[in-house]
Amino acid sequence: MTFVIAIDGPAAAGKGTLSRRIAEQYGFHHLDTGLTYRATAKALMDAGLPLGDEAVAETMAREVDLSGLDRAVLSEHSIGEAASKIAVMPAVRRALVEAQRAFARKEPGTVLDGRDIGTVVCPDAAVKLYVTASPEVRAKRRHDEIIAGGGKADYAAVFEDVKKRDERDMGRADSPLRPAEDAHLLDTSEMSIEAAFQAAKTLVDAALKRRFEEGLIRPSRSPS
């Protein structure tokens, strides 16, 4: 039985950095599910196909190779904007959720981060985290990230973009962004990534110990 860690939260809350570190700590597979939507959007853009055709978008979604997701390429702002448009399409979400669930079954364990992991993709995950931060803090992080990468950004514009993303993610009819009822909340507004990691590690270790004692995971997977 694989061990699944579900990490949800809004853009620029720090869930991606935290997820990668947790996966590395435990030797688990990691998937940034947001990249699957970005890869679908990029495929449509590269082929010169319209973003508004749900049937075409679904076809592209079913062809996404989860092992070939290039974060550097897919992080482009234009791709993110396109991804947010197709992410509201139920058929696209169904196709990608199927692929994400298949990924979650990998041994010895997986860490998936996104917007609906704990609520839709992996509702039975062993550990669920909801990582958030204030819109102001998230906008500053995104602004600083763009500047550090050599780009140009206006904080006010980035802040408005963050608010619009939140409205789209939380307001969509299919799989809206919200914490699972049994998710542990991590507000990183005034928390370092190290503090967030240690808080998450405590929760993961406790869940691993519990499952080990119940005989649900192999002896080699018990926490040290």
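Is Gly 171 buried or exposed? At 58% relative accessibility, Gly 171 counts as exposed. Buried means under 20% relative accessible area, exposed over 50%, and partly exposed in between, with a 1.4 Å probe and protein chains only.

This is a predicted model, in which local features need pLDDT of at least 70, side-chain atom pairs count only at pLDDT 80 or more, and totals for chains, interfaces and linings use all residues. Residues are numbered from 1 along each chain as its sequence is written, and side-chain values use heavy atoms, with hydrogens and water left out.

**Overall build**

The chain has 10 helices and 5 strands. Helices (H or I, at least four residues) and strands (E, at least two) are DSSP runs, numbered from the N terminus. The C-alpha trace spans about 50 × 40 × 30 Å along its principal axes. The radius of gyration is 17 Å, which agrees with the value near 17 Å for a compact globule of 224 residues. That radius is taken over C-alpha atoms, and the globule rule is 2.2 Å times the number of residues to the power 0.38.

Buried residues make up 45% of the 224 residues. The accessible surface comes to about 11000 Å², and 53% of it belongs to carbon and sulfur atoms. These areas come from the Shrake-Rupley method with a 1.4 Å probe; for residues, only the protein chains shown count as cover. Contact means heavy atoms within 4.5 Å. Among contacts with a separation of 6 or more, residues 24 or more positions apart account for 78%.

Strand E1 covers residues 3-8. E1 is mostly covered, with 6 of its 6 residues buried. Phe 3, Ile 5 and Ile 7 point one way from E1. Val 4, Ala 6 and Asp 8 point the other way.

E1 pairs with two strands, E3 and E4. Two strands pair if DSSP finds at least two bridges between them. E1 and E3 (residues 109-114) run parallel and are joined by 6 bridges. Here Val 4 stands opposite Thr 110. E1 and E4 also run parallel, joined by 4 bridges. In E4, Val 127 is the bridge partner of Ile 5.

**Two nonpolar cores**

A nonpolar core is a set of buried Ala, Val, Leu, Ile, Met, Phe, Trp, Tyr and Cys residues joined through side-chain atoms within 4.5 Å. The largest one has 22 residues. Phe 3, Ile 5, Leu 18, Ile 22, Val 127 and Leu 129 touch the most other members. Strand E1, helix H1 (15-26), strand E4 (127-132) and helix H10 (193-213) each give two or more residues to this core. H10 provides the largest share, 6 residues. A second, separate core of 16 residues includes Val 4, Val 97, Phe 103 and Ile 117. In soluble globular proteins, nonpolar side chains tend to be buried together.

**Individual positions**

Gln 100 lies in helix H6 (residues 90-104). Gln 100 is buried, at a relative accessible area of 1%. Not counting residues up to four places away in sequence, Gln 100 touches Leu 31, Thr 33, Thr 36, Tyr 37, Leu 66, Leu 112 and Val 121.

Gly 171 sits in helix H9 (residues 155-171). Gly 171 and Val 88 are 83 residues apart along the chain, and their C-alpha atoms are separated by 9.7 Å. Asp 46 belongs to helix H2 (residues 33-46). Asp 46 is exposed, with a relative accessible area of 57%. From Asp 46 to Lys 164 is 118 residues in sequence and 25 Å in space, C-alpha to C-alpha.

Thr 2 is found in the segment before E1, and at 15% relative accessibility Thr 2 counts as buried. Thr 202 lies in helix H10, and at 54% Thr 202 counts as exposed.

| Side chain | Partner | Distance |
|---|---|---|
| Asp 46 | Lys 42 side chain | 2.7 Å |

Definitions and conventions. Polar contact = N/O pair within 3.5 Å; in protein donor to acceptor, adjacent residues only side chain to side chain.
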